[in-house]
Amino acid sequence: MTTTTPGPSSALRGAVGTAHPRIEGRDKVTGAARYAGEIPYPELAHGWLVLSTVARGRILAVETGPVLAVPGVLTVLHHGNAPRLRTDYIGMLGVPPDPTSAVFQDDRVPFAGWPVALVVAETPEVAREAAEALVVTYEREPHDTELVAGHPGAYAADGPVPAETEKGDLEARLADSAFVVDEEYTTPEEQHSMMEPHAATARWDGGRLEVVDSNQGVGWVQSELAAMFSLDASAVRVRSEHIGGGFGSKGLRAHQVSAVMAATALQRPVRVVLTRRQTFSLGGYRSPTTQRVRLGAAPDGRLLALEHRSLNQTSTVYEFVEPGAGIARAMYDAEAHRTANHVVRLDVPSPTWMRAPGEAPGSFAVEAALDELAARAGLDPIDLRLRNEPEFGPVSGLPFSSRNLAACFHEGARRFGWAGRDPRPGIRRDGRWLLGTGTAAASFGAGAAPSTALVTAEADGSFTVRITAADIGTGARTALTLIAADALETTPDRVRVRIGDSDFGPAMIAGGSMGTRSWAWAVTAAAAELRDRLAVTTGIPPEGITVRSDTTEALGALAQKERRSYGAQFAEVAVDTATGEIRVRRMLGIFAAGRIVNPLTARNQLVGGMTWGISMALHEEAVRDRNTGGHYAPDLAGYHIATHADVPDVEADWVDDHDPDDPVGIKGVGEIGIVGAAAAVANAVHHATGVRHRHLPIRPDRVVEAAGPAGGAEPAHREGRAVTPR
């Protein structure tokens, strides 16, 4: 029997906080890491989804005969022959399932791109050809796909947070204000468009359902599939080792459910992969928003009144709230404070979570409005924000666990060179380019959810960590290795972290910037108990010594506080008002996001979020045809995103920030990078041109139109430079 135990030489090497390359990096760049859509199985069949071509109506007929006669076609599933699914349950996230994933249950069509059939064949080529040949007849009905402010169908919806909050007399405080901003801001529909498409393979193995998938939480998908197919949770295993991006969309979707249906019908493995175009309908998206912001301030810039109202669309079969007004509840206080999240049901696919849900579009409106207020009050935009730093949560009234936003602005202003900025718009030039700089604040929640972890001391002196985590490209596997090494008082090379298997027990999904924080808590707790066990153990048996943790009780005992990450975004742009071109010359983000576990991957996450903010400000816009209900050009040729040429100089860094209530001191960096980034770019465009753009993206045609006949000379609709109190 080997009795190796950790010795003094391996203790406290301080892995957390040091830059470490990804544990699986070599496998990914050499192709050894296999993703859900490329793992081989004997007798694998391939399914291809058929989506509706009408925006609303009924299916009258599915002509399966000719398709079933195609050589290689195995079956066609549709509402007439598919098994009945259970949908009367509440899922892991506390909401019922989206009927879009409960495929083929009736003849109704609620939006263009609704799944109407699955063709299964011996090869993906045959499945696709047959699916494209399948004739489906519909009865069309009138549809409405356009989100507009003041839509008569809008209503207040709670979603993940209360729909409305209010204190004080808003109208009275607005009337008392020296400076008032009352404007509408809009953001368009945005698509996740991750590198790896959605893919799942389902098979039955000895009476147990196994699904190999690309998702953000194997426990999440396992529990949903078990409930939907009326199976015991122990009868379902979901694995997802490598994921090529998720951003909120990789939960339970139509492809997993249809793959399970087909595998059950054929009793052989079936794989279903969504095409890029299909993800525009079935992968979820960020809803467009229309937002009204009203601000009232005293002569010194102190906010007296704040109102933020946000409206988003949802499908007619499922309610999803994009909580755009939520950020105002955490960032700025006023004597009169009102926020509201409203939705309207349209004949469109269901939106879903997307990187920094609520905060990304909400921060654009609030931070642009604050920039407008600063201009009207004759105040520096940073000074205005610092004057309005709250002592407690503006709505919750809770103390902050830590709030180092001021430190972010001070450090960012120093490094960006903000002190030399001429506040007047339209002054700086570089040849044909007008130059401007802008800033915005950022904030995102820093929560944690109950999780379990298994940590084993192996007989050879190494350690194995098993946790139902998901690495969606963030470097979570590597971060957990560093955290486990420190918690076990050993070195990272003696720790193996296994993730992405629902058999490891319940744990938080990769979402809400809560994944690594939640998993780290569980790993740290298990490691501490294991160290105690090893201290009184004379030897380690061949099977090792395993400890299981559960953080439910510890998290439940936490005092209530406002726990958030913060940041300050800075951007410099060059604008040619004759051509409409906007070039972001440089961006800087300084963040207070808790203890940084791995600076290498954390910086990548922050820069990635900021890049997405550039894309949000200038490029991304999924447009629907009102006549058909479908998208124009639903692919990466028609849906524009920022590329390397659009991002010449983006820098992210952080200030010291520590959450004393967290065992590792971390908060999360996955989403804070995008928050405020689009607003900083938009504010910089205003500083360059004097024209305020309140509707994203700031396309070249909008720049040219706003500039008017003057073109590259003085913009026609420049905001006045004189400050006139109200």
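The model is a predicted one, so to speak of local features takes a pLDDT of at least 70 and side-chain atom pairs count only at pLDDT 80 or more, while totals for chains, interfaces and linings use all residues. Residues are numbered from 1 along each chain as its sequence is written, and side-chain values use heavy atoms, with hydrogens and water left out.

Back to Ser 396, which sits in the loop between helix H10 (381-387) and helix H11 (405-416). Helices (H or I, at least four residues) and strands (E, at least two) are DSSP runs, numbered from the N terminus. The side chain of Ser 396 also reaches the backbone nitrogen of Leu 398, at 3.1 Å. With 37% relative accessibility, Ser 396 counts as partly exposed; buried means under 20% relative accessible area, exposed over 50%, and partly exposed in between (1.4 Å probe, protein chains only). From Ser 396 to Thr 165 there are 231 residues in sequence and 9.9 Å in space, C-alpha to C-alpha.

Now for the whole protein. Its count of elements is 17 helices and 27 strands. A compact globule of 726 residues would have a radius of gyration near 27 Å, and the protein agrees, at 27 Å. That radius is taken over C-alpha atoms, and the globule rule is 2.2 Å times the number of residues to the power 0.38. Taken along the principal axes, the C-alpha atoms fill a box of roughly 75 × 75 × 50 Å. Of the 726 residues, 60% count as buried. Contact means heavy atoms within 4.5 Å, and among contacts between residues at least 6 apart in sequence, 82% join residues at least 24 apart.

The accessible surface of the protein comes to about 26,800 Å², and 52% of that belongs to carbon and sulfur atoms. Such areas come from the Shrake-Rupley method with a 1.4 Å probe; for residues, only the protein chains shown count as cover. As for charge, there are 71 positive and 88 negative side chains, with the centres of the two sets 2 Å apart. Lys and Arg count as positive and Asp and Glu as negative, leaving out His and the chain ends. The place of a charge is taken as NZ of Lys, CZ of Arg, CG of Asp or CD of Glu.

Asp 213 belongs to strand S12 (residues 208-213). This residue is buried, with a relative accessible area of 1%. Setting aside residues up to four places away in sequence, Asp 213 touches several others, among them Ala 36, Val 238, Arg 239 and His 255. Gly 589 is 376 residues from Asp 213 in sequence, and 34 Å from it in space, C-alpha to C-alpha.

Thr 464, in strand S22 (residues 463-466), counts as buried too, at 3% relative accessibility. The side chains of Thr 464 and Arg 496 make a polar contact of 3.0 Å. Beyond neighbours within four places in sequence, the contacts of Thr 464 include Leu 454, Glu 458 and Arg 498.

Asp 662 is found in the loop between strand S27 (650-654) and helix H16 (677-689), and its 4% relative accessibility makes it buried. Its side chain reaches two backbone nitrogens: that of Val 664 at 2.8 Å, and that of Gly 665 at 2.7 Å. Asp 662 also touches Arg 517 and Trp 521, not counting residues up to four places away in sequence.

A few spots concern the backbone. Leu 696 and Pro 697 are joined by a cis peptide bond, with omega about -5°; Pro 697 lies in the loop between H16 and helix H17 (700-707). Glu 43 has a phi near 60°, a positive value in a residue other than glycine. This Glu 43 is exposed, at 60% relative accessible area, in the loop between helix H1 (25-30) and strand S1 (45-51). Ser 230 likewise has a positive phi, near 55°. It is exposed at 59%, and its loop runs between helix H5 (218-228) and strand S13 (236-239).

Note on methods
Polar contact = N/O pair within 3.5 Å; in protein donor to acceptor, adjacent residues only side chain to side chain.
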